[in-house]
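I opened this notebook to keep a record of what I looked up, step by step. Here is the structure I worked from.

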Amino acid sequence: TFVIALPCVDVKDKACVDECPVDCIYEGERMLYIHPDECIDCGGCEPVCPVEAILYEDDSPPEWQHFTGVNAEFFDGLGSPGSSAKLGPTGRDHPVVAALPPQRT
Ligand code: F3S
Ligand code: F3S
């Protein structure tokens, strides 16, 4: 699956959302998250992110590898909503992301 990593935090450009054919990129408070079961690995989102936050999971540098779990675990309790547009902004974050200091001043 594709994964959104640290550079998205406090940026949230959202260009990726418009590219996704299955609408599986969900909005948290400080970043967006890709649903690992709904993503069909089309890769359309990856080149449009202006801060290069989107990576194929196997290509993540070591310091960002935990973001694979961060994206997946964000959906604990949400299940598989099937559409980001339908669910809307969640107003929450994975605890690892919520605990990060501000990434932009
Ligand atoms: Fe984030 Fe990049 Fe999408 S900043 S919202 S992953 S376009
Ligand atoms: Fe969507 Fe990106 Fe996956 S465009 S299907 S989240 S690779």
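I began with S60, which I found to be partly exposed because 15 other C-beta atoms lie within 10 Å; by the cut-offs, a residue is buried with 20 or more other C-beta atoms within 10 Å of its own, exposed with 12 or fewer, and partly exposed in between, the C-beta atoms being placed from the backbone. I noted that what I am reading is a predicted model, in which local features need pLDDT of at least 70 and side-chain atom pairs count only at pLDDT 80 or more, while totals for chains, interfaces and linings use all residues. Residues are numbered from 1 along each chain as its sequence is written, and chains are lettered from A and ligands numbered from 1 in the order in which they are written.

Next I looked up where S60 sits, and found it in the loop between strand 4 and helix 2 (helices, H or I, of at least four residues and strands, E, of at least two are DSSP runs, numbered from the N terminus). Leaving out residues up to four places away in sequence, S60 touches V3, A5, L55, Q65, F67 and T68, where a contact means that the two C-beta atoms, placed from the backbone, lie within 7 Å.

My next entry concerns the ligands. Around ligand 1 there are 13 residues, of which C8, D13, C16, C49 and A53 come nearest, while ligand 2 is surrounded by 14, the closest being F2, C20, C39, G44 and C45; a residue counts as near if its C-beta atom, placed from the backbone, lies within 6 Å of the molecule.

Last, I checked the whole protein, which has 4 helices and 4 strands in the pattern β-α-β-β-β-α-α-α along the sequence. Of its 105 residues, 28% count as buried.
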